[in-house]
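Hi,

Here is the structure I promised to pass on. Could you have a look at it alongside my notes below?

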Amino acid sequence: MKKRIVALLMCTAMVTAMMAGCGNSGSSTASTDSSSAADDGSDDGAATDGKDVTDCTFAIVPKSAGNPYNEAEAKGFQEAIEAAGAKCIVSYPETATADAQITVLQSLISQGVDSITVAANDENALQATLQQAMDAGIHVSCVDSKTNADSREVFVNQADTSLIGQTLMDAIYDITGGEGQWAILSATSQAANQNAWIEAMQNVMESDDKYANLELVDIVYGDDEPQPSTEQTQALLQNYPDLKLICAPTTVGINAAAKVLQDQGSDVKITGLGLPSEMEAYVGEDNVCPYMYLWNPIDTGELAAYTAMALVSGEITGAAGETFEAGDMENSPYTIVEASDGGTEVIVGDPFEFNSENIAEWADIF
Ligand code: RAM
């Protein structure tokens, strides 16, 4: 996992390569103006290939505003797009709901952007709107939280879903000593990423007797908002006096829950996915959160930007097996692979453990 986002020196080379690829394609629409960038809709749903990215506008629609994770992701996206000489629009929906995202998506379609990257608040509810975008020649990809396979060209997945499930279950097993009651504090009930990780955790539990003495007593939803997450944590503590651990696979939830546990002097432990900058005060062997995991959200946004640019330039179509360069990113070149939902994805890297040894240095970064 990369520590610092350095100036994207490779960008110039990449843009040059993209422009060259565009010229070679024979179907270049390099003169497309960013203010009227959507094509005329004359193609049959497949987006148009071979644009010069420096003439194009790339939009990112995160899950919601006011969440530092989403802001870090958008920052990585914006920096890479602008370093390539293209235009970036960051459009936050008002709430972490599909309806709020549809409003934002409709506006981007009317503006005629060339590419939309969305962190979906619902796996299926955006389908009609995203289809409308693709029909208008706009490239559609996902980051962080995916839509179904029909509503995207490719998904930029922060880490392999099964690996996240296994990693979190290993942490739960280790911190509880392998037995006792535990609960999940998630984001919204519709969040595709959290739901996939929860399912992956449940699959791990069912796949091995090793986890037989761990009892998952409840899954509650704090809607990726601090106050509801706080209230849900308080309710868990009240409803399950024998609770040993809460796992929150959301940066908002883990932060809110850690504060409740620390304020109450509770013996219940927390782990999950958290931002080091928000969790520094709670992470450590004798603290409420012995250790937790995440990845670099800035890198995730950056790879989403390179993916969107490669789609727009015609370098990739989003098909499994395609490979593309992503500037100076650690694992570049990246290869698109089959996803378990029948679509495709590109994986940023592995989940990373944050503990008392490394939390301070990462807290300065995100
Ligand atoms: C929250 C959001 C985001 C997720 C992280 C781990 O910030 O739900 O989608 O990826 O947690």
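This is a predicted model: local features need pLDDT of at least 70, side-chain atom pairs count only at pLDDT 80 or more; totals for chains, interfaces and linings use all residues.

Residues are numbered from 1 along each chain as its sequence is written, and side-chain values use heavy atoms, with hydrogens and water left out.

The count comes to one cavity of 30 Å³ or more (a set of points on a 1 Å grid over the protein atoms alone where a 1.4 Å probe fits but cannot get out; lining residues have an atom within 4 Å of a point). Of the 16 lining residues, Tyr 69, Asn 193, Gln 194, Thr 250 and Thr 251 are the closest to the centre. Domain 1 (12–158 + 296–348) and domain 2 (161–294) each give at least three residues to the lining; the domain bounds come from an automatic or database domain assignment.

Two helices (DSSP runs of H or I, at least four residues, numbered from the N terminus), α2 (68–83) and α6 (192–207), each supply at least two lining residues. The largest share, three residues, comes from α6.

As for α2, its 16 residues reach 22 Å from first C-alpha to last, close to the 22 Å expected at 1.5 Å a residue (1.5 Å times one less than the number of residues). Just after α2, Gly 85 takes a positive phi of about 85°.

Best wishes

How values were computed
On a 1 Å grid over the protein atoms alone, a cavity is a set of points where a 1.4 Å probe fits but cannot get out, and a pocket is an open set with protein on both sides within 12 Å along at least five of seven lines; lining residues have an atom within 4 Å of a point. Grid points are joined across faces, edges and corners, and a volume is the space filled by probe spheres set on the points.
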